[in-house]
Amino acid sequence: DLFVGRLGQMKAQLVIQDVRKSEHGPGYAWDPDGRFLIAVQRRGDETDLVIAPVDGSRAPTSLGFGTKDNADPALLRHKGIFRMAWVAKDSRRVRGKPNHRIVWTADWNALELPKLAGIEPTPEGLQESDTDAAAP
């Protein structure tokens, strides 16, 4: 389970349950501004990539990619675009061949990804270089 707390506060808030760590990483990635988290959540025998606000005010929302055996999400923002990368099994497995892992990527407009976490984007949440690329 992934809890977030602030130094000096008595209680940490549960943000995402059943986060899957890997041998290479913690299983989650922070928004560069610290407003939301993306994590690998175990759901039975499967894993799903989910997004949730760091204050725990909203249940995690699936990003709905459908990839299998997800691990090691990373998130960055540059010039109005959020880019997430993560590792997952190759779904095109061929009998008798090794099962490869693929680094997948997905991009969102800097104004759209916070909405998936239930957060309204604000001008303060955009970098100056984000404004031109994020404009409709």
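Because the model is predicted, local features need pLDDT of at least 70 and side-chain atom pairs count only at pLDDT 80 or more, whereas totals for chains, interfaces and linings use all residues. Residues are numbered from 1 along each chain as its sequence is written, and side-chain values use heavy atoms, with hydrogens and water left out.

The chain holds 2 helices and 9 strands, where helices (H or I, at least four residues) and strands (E, at least two) are DSSP runs numbered from the N terminus. Read from the N terminus, the order of the elements is β-β-β-β-β-β-β-β-β-α-α. Of the 136 residues in the chain, 37% are buried, a term that stands for under 20% relative accessible area, with exposed meaning over 50% and partly exposed the range in between (1.4 Å probe, protein chains only). Among contacts (heavy atoms within 4.5 Å) with a separation of 6 or more, 42% are made by residues 24 or more positions apart.

An open sheet is formed by 3 strands in the order E7-E8-E9, with antiparallel pairing; two strands pair if DSSP finds at least two bridges between them. Strand E7 (71-78) and strand E9 (101-109) lie at the edges, each pairing on one side only. Strand E8 (residues 81-89) is joined to E9 by 9 bridges, and lysine 89 is placed opposite arginine 101 in E9.

The loop between E8 and E9 contains aspartate 90, which is buried, with a relative accessible area of 13%. Beyond its neighbours within four places in sequence, aspartate 90 is in contact with Asn99, His100, Arg101 and Ile102. Most residues other than glycine have a negative phi. Aspartate 69 belongs to the loop between strand E6 (61-62) and E7 and is partly exposed, at 22% relative accessibility, while lysine 79 is located in the loop between E7 and E8.
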